[in-house]
Amino acid sequence: MSTLFFVLFFIIGFGALAYKRASLISFTGAFALLLVLSSIIGDVSNLIWILFLVIAVPLNVTTFRQQYISVHLLELYRSIMPEMSRTEKEAIDAGTIWWEADLFKGAPNWQKLHDYPTPRLSSQEQAFLDGPVEQACVMANEHDICHNDADLSPQLWQFLKDNGFFAMIIKKQYGGLEFTAYAQSRVLQKLSGVSTVLASTVGVPNSLGPGELLQHYGTTEQKEYYLPRLADGREIPCFALTSPEAGSDAGAIPDMGIVCKGQWDGEEVLGMRITWNKRYITLAPVATVLGLAFKLNDPDGLLGEQEDLGITCALIPTDVDGVEIGRRHFPLNVMFQNGPTKGDDVFFPLSFIIGGPSMAGRGWQMLVECLSVGRGITLPSNSTGGIKTLALASGAYSRIRRQFKIPIGKMEGIEEPLARIGGNAYLMDAVTTMTTGAIDLGEKPSVVSAIVKYHLTDRMQRCVIDAMDIHGGKGICLGPNNYVGRGYQGAPIAITVEGANILTRSLIIYGQGAIRCHPYVLAELDAAGCEDERQALEEFDSAVFGHIGFAISNFCRSLWLGISNSRFSNAPFSDDTKRYYQHMNRFSANLAFLSDIAMACLGGELKRKERISGRLGDILSQLYLTSAVLKRFDDEGRQQADLPLVHWAVRDSLFKAQTALDELLRNFPIKWVGKLLRLVMYPTGITLVTTNDELDQQVAQLLQTPNMARDRIGAGQYWAATPNNPVGVQEQTLTDVIAAEAIIKKISKATGEREQLIFLDKLADKALKLGCITEEEAEHLRKTEIGRLHSINVDDFEPSELIANMAK
Ligand SMILES: Cc1cc2nc3c(=O)[nH]c(=O)nc-3n(C[C@H](O)[C@H](O)[C@H](O)COP(=O)(O)OP(=O)(O)OC[C@H]3O[C@@H](n4cnc5c(N)ncnc54)[C@H](O)[C@@H]3O)c2cc1C
């Protein structure tokens with residue numbers, strides 16, 4: 001009986017302590033107490049006491065543990081540790097970790113999530129959005145830009161320069177706007193709702209490029225010369241990294257600079273001869289200053305003993321002889337400035353290196369550091385802005401457009417894609433707000449920026465496809481009235497740039513996340529690489545035993561949360577959202593546990609098992625996206641009207657996390673391990689379901705009628721009913737149509753027929769004759785008919801108007 005009591009207490013006690021992440025000394029103390037109690041009340045065999053002492057003493061006596069256990073573990077670890085190149089190491093070390101690290105550790109602290117401040121706009125930022133940004137939206141005509149002019153109009157270019165659009169990240173002391181990341185995001189969102197080209201043109205100089213690099217690494221002289229000129233638009237920057245031979249593998253650029261002496265401004269100076277061939281460079285055709293990444297070599301030892309200095313970044317004025325720019329690529333009919341640049345053995349002084357000669361070879365580090373910020377702002381914001389606008393536009397169109405005598409939005413087939421757009425719009429805005437908020441707190445969240453770049457551009461592309469399907473031929477026929485087609489054409493650009501999505505998902509999110517977010521892996525790697533053996537052993541011992549405890553804890557958490565379907569775990573709210581937090585507790589523990597098992601089973605091979613690491617990254621990503629939705633809901637005052645959007649977004653993401661986990665277990669390279677893991681994590685089988693028809697319907701309906709939740713989805717976008725803004729005109733028509741529906745009901749009652757929302761001008765005349773409506777109501781019907789036709793009609797052209805002279 002006492003043995004049974006002891007075993008039972010042992011299991012429960014061990015599990016509870018592990019679940020709560022108790023320290024080794026607490027474990028030892030608790031078991032010593034249990035043994036003492038059991039010895040007092042019953043009969044505990046001496047063998048158990050001996051076993052306890054044999055295990056507990058060596059583990060708790062640090063010097064003994066280091067000398068006899070950790071030293072061998074360190075040896076083993078060094079023999080299996082995967083090789084890491086310098087560029088890989090620099091990429092992994094770049095940036096900071098943030099909330100995603102909490103999610104990775106298996107026991108998220110929800111209070112911490114909700115305590116992060118909600119970003120707000122300053123009065124200057126709000127005034128910029130209400131003034132110059134609104135004006136830029138008025139001036140942009142996407143059809144003219146993409147079809148007629150193949151560029152922004154000269155007036156719009158000048159307006160952007162004059163109003164500091166290219167200087168949102170530049171500090172005020174240099175004449176820039178020095179906006180927060182959140183404000184930049186809001187500007188880009190608004191612009192992208194009107195014109196993809198406009199948003200890209202503004203986004204690039206404010207992202208990774210000369211402005212950002214100069215502020216962080218430039219010499220005083222470089223900053224004082226270039227930053228004011230970039231701020232007022234005298235200089236147009238671009239940044240050239242990609243070469244024909246080096247796209248995703250950007251560290252492999254073959255572009256080369258050789259340190260040598262040469263003539264510059266009539267004097268002999270120390271410089272470099274650079275040969276480069278770059279492609280796909282945004283703004284290169286119009287750039288006045290070219291940020292260039294190349295590998296620098298010093299064969300004659302003019303700078304020191306090191307010959308291969310590594311990737312270096314320089315700022316090159318494009319008017320120097322030998323700098324080739326001007327030709328353009330033709331990126332999917334989305335006519336922003338993008339093209340190649342070349343140079344063959346062109347000489348520049350070493351002072352052109354960003355940060356001066358001492359920064360030679362530090363280029364890769366600079367780029368990956370800055371990418372951690374820019375990647376989290378520009379493309380996610382452009383994608384979000386586009387979908388916010390499309391969500392309202394698709395809802396309005398679905399209500400206005402009728403087939404089979406009912407609004408297409410009432411058809412269940414349309415409700416499904418419409419719900420996807422609505423739910424994603426809510427989620428994407430939540431994610432950009434939370435992420436830019438983190439950047440404004442001083443974070444350079446490298447893993448988060450990869451997550452949001454991949455998932456928001458991916459969701460944007462899928463939503464645009466949905467929007468195209470909803471709009472039918474209206475989305476297909478390009479022209480000034482088409483607000484979907486250009487976004488659909490341009491979506492693959494966002495997928496490809498700043499880390500192509502497949503690579504980002506397969507290699508970057510988890511590759512970097514596993515090392516940076518795991519509480520012990522980086523410490524183990526650093527300890528193993530430490531040259532001072534004493535220090536290496538001490539640090540490794542502390543990391544590896546912490547790691548073992550962490551893995552045991554995550555095993556216990558996964559098992560208990562699986563058995564209990566996470567019911568008793570902590571959640572900060574007890575309303576409809578409670579279960580979501582609890583499910584996330586479980587996924588978080590699963591992710592931490594699975595990560596350790598995957599690393600233990602696959603070691604360095606995990607890097608090549610992209611489908612395994614991609615799915616681990618998916619779990620982490622979906623948890624991050626879900627956190628953002630729950631935080632947004634709370635930050636905005638837990639608006640009950642938004643609940644369908646919250647439910648849709650959370651269920652969709654958590655189901656995706658579950659699918660990733662399920663697929664991972666099914667495809668785990670060691671089959672029996674996969675089966676065992678399933679038993680631990682899903683003892684009662686798969687539990688989560690995704691959205692359902694009823695929820696889809698609620699979200700779809702919410703998009704089709706003006707209401708507060710709908711307003712929150714479209715908040716901050718450009719809705720003025722100006723001639724270049726068909727979505728603004730359509731918003732007005734939506735309101736008119738809803739009012740017209742009431743009038744039509746009245747007419748139907750009088751005529752005894754089911755009158756339709758069609759030929760409203762004729763219907764108005766008929767009803768006036770019958771005397772069943774007022775002149776005012778008739779006028780409303782006539783006005784609505786004009787708007788309705790504007791909404792459903794597409795553009796047509798004289799054949800000559802479609803001849804693309806610029807492509808001849
Ligand atoms: C319109 C546009 C604008 C751009 N602007 C700039 C700019 O301003 N400056 C600049 O320097 N560059 C720019 N780029 C370049 C852009 O960053 C690259 O296109 C991108 O890095 C991908 O390179 P790639 O096109 O050569 O594709 P590739 O590298 O050939 O990749 C092809 C496919 O293979 C996948 N892949 C590659 N490696 C892996 C892997 N290890 N695991 C799984 N999948 C993998 C990729 O995800 C992709 O799907 C721009 C590109 C475009 C199209």
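Colleague: Is Ser 566 buried or exposed?
Modeller: Ser 566 is buried, because its relative accessible area is 0%, and a residue counts as buried under 20%. Please keep in mind that this is a predicted model.

Colleague: Where is Ser 566 found?
Modeller: Ser 566 is in the loop between α23 and α24, the latter covering residues 578-602. Its phi is near 55°, which is a positive value in a residue other than glycine.

Colleague: What about Leu 283, what is its phi near?
Modeller: The phi of Leu 283 is near 75°, again positive in a residue that is not glycine. Leu 283 belongs to the loop between β3 and β4 (289-297). With a relative accessible area of 1%, Leu 283 is buried.

Colleague: Back to α23, then. Which residues does Asp 541 contact, leaving aside its neighbours within four places in sequence?
Modeller: Those residues are Thr 62, Arg 65, Gln 66 and Ser 70. Asp 541 itself sits in helix α23, which covers residues 533-563.

Colleague: And is Asp 541 buried or exposed?
Modeller: Asp 541 is buried; its relative accessible area is 1%.

Colleague: Let us turn to the ligand. Which residues around the ligand come nearest?
Modeller: There are 20 residues around the ligand, and Leu 241, Thr 242, Ser 248, Tyr 280 and Glu 610 come nearest.

Colleague: How do the residues of that shell divide into nonpolar, polar and charged?
Modeller: The shell has 12 nonpolar, 6 polar and 2 charged residues.

Colleague: Which elements each supply at least two residues of the shell?
Modeller: They are the strands β1 (237-240) and β3 (267-282), together with the helices α20 (485-496) and α21 (501-517).

Colleague: What lies 2.7 Å from a nitrogen atom of the ligand?
Modeller: A polar side-chain atom of Thr 242 lies at that distance from the nitrogen. Backbone atoms take part as well: a polar backbone atom of Leu 241 is 2.8 Å from an oxygen atom of the ligand. For Thr 282, a polar backbone atom is 3.0 Å from an oxygen atom of the ligand.

Colleague: How much of the ligand does the protein bury?
Modeller: The ligand taken alone exposes 970 Å², and the protein buries 68% of that.

Colleague: You mentioned α20. Which residues in α20 are buried?
Modeller: In α20 the buried residues are Gly 485, Arg 486, Gln 489, Gly 490, Ala 491, Ile 493, Ala 494 and Ile 495.

Colleague: What covers the buried residues of α20?
Modeller: The cover includes α9 (142-149), α16 (378-400), α18 (446-471), α19 (473-476) and α21. After α20 comes Glu 498, which has a positive phi near 50°.

Colleague: Now a loop between strands. Where is the place of Thr 318?
Modeller: Thr 318 is in the loop between β5 (308-317) and β6 (338-349). Thr 318 is buried, since its relative accessible area is 14% and the cut-off is under 20%.

Colleague: What does Thr 318 touch, not counting residues up to four places away in sequence?
Modeller: Thr 318 touches Ala 287, Thr 288, Val 289, Leu 290, Val 323 and Ile 325.

Colleague: And where is Thr 774 found?
Modeller: Thr 774 is in the loop between α31 (760-770) and α32 (775-792). Thr 774 counts as partly exposed, because its relative accessibility is 40% and that class runs between 20% and 50%.

Colleague: Let us finish with the whole chain. How many helices and strands are there?
Modeller: The chain has 32 helices and 8 strands. Of its 808 residues, 55% are buried.

Colleague: Among contacts between residues at least 6 apart in sequence, what share joins residues at least 24 apart?
Modeller: That share is 76%.

Note on methods
Residues numbered from 1 in each chain as written. Predicted model: local features only at pLDDT ≥ 70, side-chain atom pairs only at ≥ 80, totals over all residues. Heavy atoms only, no water. Near = heavy atom within 4 Å. Polar contact = N/O pair within 3.5 Å; in protein donor to acceptor, adjacent residues only side chain to side chain. Areas by Shrake-Rupley, 256 points an atom, 1.4 Å probe, with all protein chains shown as cover. Helix = DSSP H or I, 4+ residues; strand = E, 2+ residues; numbered from the N terminus. Nonpolar A, V, L, I, M, F, W, Y, C, P; charged D, E, K, R; others polar. Buried < 20%, exposed > 50% of the residue type's maximum accessible area, 1.4 Å probe, protein only. Contact = heavy atoms within 4.5 Å.
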